[in-house]
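Hi everyone, thanks for coming. I'd like to walk you through one model today, starting at the ligand and then moving out into the protein. Please have a look at the screen.

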Amino acid sequence: MRKNIVAGNWKMNMVNDQAKELALSVVENSDTVSCQLIIIPPFTAISDVQKVINKSNILLGAQNCSQHKSGAFTGEVSADMLTNIGCSHVIIGHSERRAIFGEDNQLLSEKVNHALNSNLIPIYCCGETLQEREAGNHFDVIKRQIEEGVFNLSEDLFGKIVIAYEPVWAIGTGKTASADQAQEIHKFIRSLVLEKYNETIANNISILYGGSVKPDNAKEIFAKPDVDGGLIGGAALKATDFIAIATSF
Ligand code: PGA
């Protein structure tokens, strides 16, 4: 059975004191949550947040990692560094990394491989822009992102990853994909996985939806059969909203 997951991507928000406070508030309110929670703070706050969530069931992630193992790469953070401070997950290929920092499928594929080699679970993001959707290219775009980013993995390794579908036009805009739009793409992604791998892997992979998920729309989206949770941005910065979303299954 695949896992339901709600992951909070804090992006470039929260200095350490704020991060510790927010993490504590999530821990204190997480008793009623039955899905897997993951908190994904900025690099600088990961260690402090780790100390706060240490004894809870909440997992810890990072927002990016280098494709290199170590060495002269000023400003980069390696997957080993992240596992060493308690991360189990890492977001790879968030649309902000793709659009603002020019990360392409080839580079992201290297990062995914590297993360897995260091025992980090990649949350691999895909999603189309508004222009691509309006031109009717969204299925092709997503297919390419998945094929080039993660379909070089062996069955064994692919079985470990999480996929997040995040339509770029819905991220931070307040515009959510409708539950039906999300379901349509999630089903499509699962069918690609079935074609490439097998039924067990297709049934077991968690596919999260991201893009303006809020407490008032989470229930409808999470009710769809191929949506296994959410990657939450803005609403993850408020513990009560994050928890309300996580209890929407
Ligand atoms: P949002 O961000 O919930 O603020 O739209 C989601 C994301 O970028 O992961």
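Let's begin with glutamate 166: an N or O atom in its side chain is 2.7 Å from an oxygen atom of the ligand. I'd call that a polar contact, meaning a pair of N or O atoms within 3.5 Å; within protein, one must be able to donate a hydrogen and the other to accept it, and residues adjacent in sequence count only if both atoms are side-chain atoms. How much of the ligand does the protein bury? Taken alone, the ligand exposes 280 Å², and the protein buries 97% of that; the areas come from the Shrake-Rupley method with a 1.4 Å probe, and for residues only the protein chains shown count as cover.

A word on where this comes from: it is a predicted model, with residues numbered from 1 along each chain as its sequence is written. Local features need pLDDT of at least 70 and side-chain atom pairs count only at pLDDT 80 or more, while totals for chains, interfaces and linings use all residues, and side-chain values use heavy atoms, with hydrogens and water left out.

Back to the ligand. Histidine 94 also points a side-chain N or O atom at it, 2.6 Å from a ligand oxygen. Glycine 233 takes part through its backbone, with an N or O atom 2.9 Å from an oxygen of the ligand. There are 13 residues around the ligand, and Lys11, His94, Glu166, Gly172 and Ser212 come nearest; a residue is near if one of its heavy atoms lies within 4 Å. The shell divides into 4 nonpolar, 7 polar and 2 charged residues. In that count, Ala, Val, Leu, Ile, Met, Phe, Trp, Tyr, Cys and Pro are nonpolar, Asp, Glu, Lys and Arg are charged, and the others, Gly among them, are polar.

Where is lysine 11 found? It is in the loop between strand E1 (5-9) and helix H1 (16-28); helices (H or I, at least four residues) and strands (E, at least two) are DSSP runs, numbered from the N terminus. Lysine 11 has a positive phi, near 50°, although it is not a glycine. Methionine 14 is in that loop between E1 and H1 too, and its phi is near 85°.

Now to the strands. E5 (residues 121-126) is mostly covered, with 5 of its 6 residues buried; buried means under 20% relative accessible area, exposed over 50%, and partly exposed in between (1.4 Å probe, protein chains only). E5 pairs in the parallel sense with E4 (residues 89-92) over 4 bridges, and with E6 (residues 162-165), also parallel, over 4 bridges. Strands pair if DSSP finds at least two bridges between them. Follow tyrosine 124 in E5: it is the bridge partner of isoleucine 92, and in E6 its partner is isoleucine 163.

Glutamine 145, in helix H7 (residues 138-150), touches Tyr124, and Arg98 and Asn105 are among its other contacts; contact means heavy atoms within 4.5 Å. Glutamine 145 is buried, at 8% relative accessible area.

Asparagine 105 lies in helix H5 (residues 105-117) and is buried as well, at 11%. Its side chain makes a polar contact of 2.6 Å with the side chain of arginine 98. Among the residues that asparagine 105 touches are Tyr124, Arg144 and Gln145.

Note on methods
Lists of a residue's contacts leave out its neighbours within four places in sequence.
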